[in-house]
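Hi,

Here is the structure I promised to pass on to you. Have a look at it first, and then read my notes below.

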Amino acid sequence: VRSSMLASKVLDNHRKRKVGEVATLENPPGSEAGQDCPAWLLPEIVDFLKVYQAQNAFFNSCIYMQGRHRWLKPARWSGRLQDLEELAGKCACPSWVVHEILRGKDKTSAAAEYPAALAERYANLVIKVFKQNLQLEFWRYKCQTKAMELSQLQKNWVRSREAKTPSPVE
């Protein structure tokens, strides 16, 4: 719940500044047979996802792993990040892959760590938005300081980027 509160503040700030949004949450979906409950069912999280029109990426951890032994751990990433859906995917492991059962502290602790390939793909999405934001802020600065020197095309680009950002949540 605290993560969604923090993500809300971040997104409100991004919307106020009219820049690309980056604020996501990750939590396993939980099991259908067990006593556990995923964070996605908490009313505060449901509200966050609805209010901010969150995108979702559902995936199995094994798609980001290498080697013979992998875990078939379902996961979900939700929030606001351009192209977040690109992280989605289902298990398509070859028949020689062994999906280990996650029992015991050693295995569950190891499975809690993001596979490097997943972390890299996520980081690339974040960097892409940050680069766009940096470019946007640069041209805004240029618009303010050297308005006469900018082409109409550059001014239109800034306006179009600002128009694509949602309004702050009231």
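Which residue of β4 is the bridge partner of Glu-26? It is Trp-77.

Before going on, please note that this is a predicted model, where local features need pLDDT of at least 70 and side-chain atom pairs count only at pLDDT 80 or more, while totals for chains, interfaces and linings use all residues. Residues are numbered from 1 along each chain as its sequence is written, and side-chain values use heavy atoms, leaving out hydrogens and water.

**The strands**

Strand β1 covers residues 22-26 and strand β4 residues 74-81; strands are DSSP runs of E with at least two residues, and helices are runs of H or I with at least four, numbered from the N terminus. The two strands run antiparallel and are joined by five bridges (strands pair if DSSP finds at least two bridges between them). Four of the five residues of β1 are buried, so β1 is largely enclosed by the rest of the structure. Buried means under 20% relative accessible area, exposed over 50%, and partly exposed in between, with a 1.4 Å probe and protein chains only.

Now find Gly-79 in β4. Gly-79 is buried, at a relative accessible area of 0%. Leaving aside residues up to four places away in sequence, Gly-79 touches Ala-23, Thr-24, Ala-54, Gln-55 and Leu-84 (contact means heavy atoms within 4.5 Å). The C-alpha atoms of Gly-79 and Leu-11 are 9.5 Å apart, although 68 residues separate the two along the chain.

Happy exploring!
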